[in-house]
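I opened this notebook to record what I looked up in the structure shown below.

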Amino acid sequence: MAKCANASNALLLLFFCFLRIEAILDPADFLALQSIRKALQDMPGSDFFSSWDFTADPCSFAGVYCDSDKVIALNLGDPRAGSPGLTGRLDPALGKLSALAEFTVVPGRIYGPLPESISDLKNLRFLGVNRNFISGEIPTNLGELRSLRTLDLSYNQLTGRIPPTVGSLPELTNLILCHNRLSGSVPRFESHTLTRLDLKHNSLSGSLPPNSLPPSLQYLSLAWNQLTGQMDRLLGRLDQLNYLDLSLNRFTGPIPDRVFSFPLTNLQLERNQFSGPVKPVDQVSIPTVDLSYNRLSGQISPMLASVQNLYLNNNQFTGRVPASFVERLLDASIQILYLQHNYLTGIEISPTAVIPERSSLCLQYNCMVPPVETPCPLRAGKRKTRPTTQCNQLKT
């Protein structure tokens, strides 16, 4: 090739050199990146796009990863904590990156809908656009991404239903749609590899059939929705769970005994309409169990005395508190024991007993005078005992 210093061919060679630089990347990917860049801007304090100089090799841009002449991963925005992020819209040209396997956007102020063209990314395995201002509905054609394993659209402003096509994704492992404005029912999930399902803080409604969730689940959060119906048959199948949060819904019926033997670190079932007795078969090894604000009844099982943080308040439990609770409370094995607002009739504890500083006990508003004075949360109210008429009504 002639030297670029040759004056007679300078313009021609400059153009040729530019073509060589551009040709490093597939032309379709090059044009797609240009369109994506035009639709987005750095937020004040961010300089993410400073390296996006299209006279250079786009595979050297921040957040762009290539294999040969194709973009295989696109991570938009500075991933460091506290980065201001980006603003603008996601351009439909994103769908032209035909080899893309991973697409993420850092938290920022990206708004508008998720482009329908994302369904053209047949190799996509990871899609993460969370903590932005994405609005509109989840595209139904995301179900065409048969290789998708992680879908994280959490903390946005999405509305409408969760498409049943998303539930049919065969390789789905993580689905995180929490903190949106989604409504309608929870679809049936067919993936045998789904381990994380986080749908909390939406407006989902309806009931979940017993076979709607796969036994592979390890993390399940449906909290802060409007879901109804019984969960005992469904929960009985999910014995791989290590985190379960169904709080602040309208679930009814019994809590299955089996759930207390699952390898859980947290069991959050508070503020529902669960009813009936609670009868774990063995000593419960779950560190935190919250069954408060339900309609649970019967006597408190001594199998729960091994729980470190136990919330049974605001139910209809009756009878005396098992002695094993007192023993573990006094040796600080129990850190929180909330039993207020039930119909309990006694507890074997000396009025002079010293509750360890790191332990909390609340007994007020039961069918007994609390034998020890202990601080209770403010929402427990000021009344120490339940009116006798209420206690007598429960007996009849």
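Leaving aside neighbours within four places in sequence, which residues is serine 212 in contact with? I found Pro187, Arg188, Phe189 and Leu234, contact meaning heavy atoms within 4.5 Å.

I noted the basis of the entries: this is a predicted model, in which local features need pLDDT of at least 70 and side-chain atom pairs count only at pLDDT 80 or more, while totals for chains, interfaces and linings use all residues. Residues are numbered from 1 along each chain as its sequence is written, and side-chain values use heavy atoms, with hydrogens and water left out.

**Serine 212.** I located serine 212 in the loop between strand S14 (203–206) and strand S15 (219–221); helices (H or I, at least four residues) and strands (E, at least two) are DSSP runs, numbered from the N terminus. Serine 212 counts as buried because its relative accessibility is 2%; buried means under 20% relative accessible area, exposed over 50%, and partly exposed in between (1.4 Å probe, protein chains only). I also found its side chain at 2.8 Å from the backbone oxygen of proline 209.

**Helix H2.** I checked the span of H2 (residues 27–38): its 12 residues reach 17 Å from first C-alpha to last, close to the 16 Å expected at 1.5 Å a residue, the expected span being 1.5 Å times one less than the number of residues. I listed Asp29, Phe30, Ala32, Leu33 and Ile36 as the buried residues of H2. Seen down the axis, they fall within an arc of 165°, so they line one face of H2; the arc is that of the directions from the helix axis to the C-beta atoms. On the other side of H2, I recorded Pro27, Leu31 and Lys38 as exposed. At the N-terminal end, aspartate 26 caps H2, with a side-chain oxygen 2.8 Å from the backbone nitrogen of alanine 28.

**Helix H5.** I found Phe325, Val326 and Leu329 buried in H5 (residues 323–330). They cover an arc of only 100° around the axis, which puts them on the same side of H5. The strands against which the buried residues of H5 pack include S24 (316–321) and S26 (343–347). Just after H5, I noted a positive phi of about 70° at alanine 332.

**Strand S10.** I traced parallel pairing of S10 (residues 157–160) with S8 (residues 133–137) over 3 bridges, and with S12 (residues 181–184) over 2 bridges; two strands pair if DSSP finds at least two bridges between them. Glycine 136 stands opposite leucine 158 in S10, and threonine 159 stands opposite arginine 181 in S12.

Definitions and conventions: A polar contact is a pair of N or O atoms within 3.5 Å; within protein, one must be able to donate a hydrogen and the other to accept it, and residues adjacent in sequence count only if both atoms are side-chain atoms.
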